[in-house]
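Take a moment with the sequence and the fold before reading on. A short walk through the chain follows.

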Amino acid sequence: MRGFARIAGAGAALGLLYGVAAADTLKLTAALEPDQRGKPGKGTANLSIDTATKTLTGTIEYSGLAKPPQMAAFLSPPATQNGKPGTLPIPLPANPKSPVSIKMQMPDAAIAAIKGGEWILLLGTKQAPEIGGDVKPVQ
């Protein structure tokens with residue numbers, strides 16, 4: 001009996017440990033579509049945020065862009081009614097090819113905001129985004 005209690009206790013402890021670890025990772029996705037009807041381009045972003053280390057990692061797959069993307073960014077809603085949206089640049093490698101692997105640190109405010117579900121991921125040239133989409137939790 002005593003051995004069973006120890007095993008059950010260890011199992012419960014592992015379950016709690018696993019539950020804490022699972023809660024520290026946010027899984028997100030975004031379906032990327034053209035900014036104007038009729039333009040080519042599409043993509044998908046699969047992202048994870050480790051809230052303990054505040055690190056975002058993931059991939060952005062794309063096709064149909066006029067040229068390789070020169071910028072990627074998260075766009076958040078304005079802080080005030082007539083304010084400008086917030087922008088958080090996503091670092092891209094030189095001459096990125098699909099799929100693009102990304103890794104970046106996330107400020108606490110950005111993690112809290114992205115959990116709110118009102119962020120957009122944009123991908124395109126330095127002059128204008130070509131594709132973008134809502135960042136949503138993976139269901």
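Predicted model: local features only at pLDDT ≥ 70, side-chain atom pairs only at ≥ 80, totals over all residues.

Residues are numbered from 1 along each chain as its sequence is written, and side-chain values use heavy atoms, with hydrogens and water left out.

Start with confidence. pLDDT is the predictor's confidence in each residue, from 0 to 100. The protein has a mean pLDDT of 82, and 82% of its residues reach 70 or more. Strand β2 (residues 42-50) has the highest mean, 97, while helix α1 (residues 2-23) has the lowest, 41. Over residues 1-22 the pLDDT stays under 50. For that stretch the model has zero contacts beyond four places in sequence, a contact being heavy atoms within 4.5 Å.

Now the layout. Helices (H or I, at least four residues) and strands (E, at least two) are DSSP runs, numbered from the N terminus. The protein has two helices and nine strands. Along the sequence they follow the pattern α-β-β-β-β-β-β-α-β-β-β.

What share of the 139 residues counts as buried? The figure is 31%. Buried means under 20% relative accessible area, exposed over 50%, and partly exposed in between (1.4 Å probe, protein chains only). The accessible surface of the protein comes to about 8900 Å², and carbon and sulfur atoms hold 58% of that surface. These areas come from the Shrake-Rupley method with a 1.4 Å probe; for residues, only the protein chains shown count as cover.

Next, look inside. In soluble globular proteins, nonpolar side chains tend to be buried together. A nonpolar core is a set of buried Ala, Val, Leu, Ile, Met, Phe, Trp, Tyr and Cys residues joined through side-chain atoms within 4.5 Å. The largest one here has 27 residues, and F74, M106 and L121 have the most contacts inside it. At least two core residues come from each of β1 (25-34), β2, β3 (55-63), β4 (71-76), β5 (86-90), β6 (100-105), α2 (108-115) and β7 (120-124). The largest share, four residues, is from β1. Leaving aside neighbours within four places in sequence, its contacts include L32, A45, L47, I60, F74, I90 and V135.

Most residues other than glycine have a negative phi, and most peptide bonds are trans. K54, in the loop between β2 and β3, has a positive phi of about 60° although it is not a glycine. K54 is partly exposed, with a relative accessible area of 30%. N95 lies in the loop between β5 and β6. N95 is not a glycine either, yet its phi is positive, about 50°. N95 is exposed, at 65% relative accessible area. The loop between β5 and β6 also holds P99. A cis peptide bond joins S98 and P99, with omega about -5°.

Finish with V138, in the segment after β9 (136-137). Which residues does V138 contact, leaving aside its neighbours within four places in sequence? They are K27, L28 and T29. V138 and T29 are 109 residues apart in sequence, but 6.0 Å apart in space, C-alpha to C-alpha. V138 is partly exposed, with a relative accessible area of 47%.
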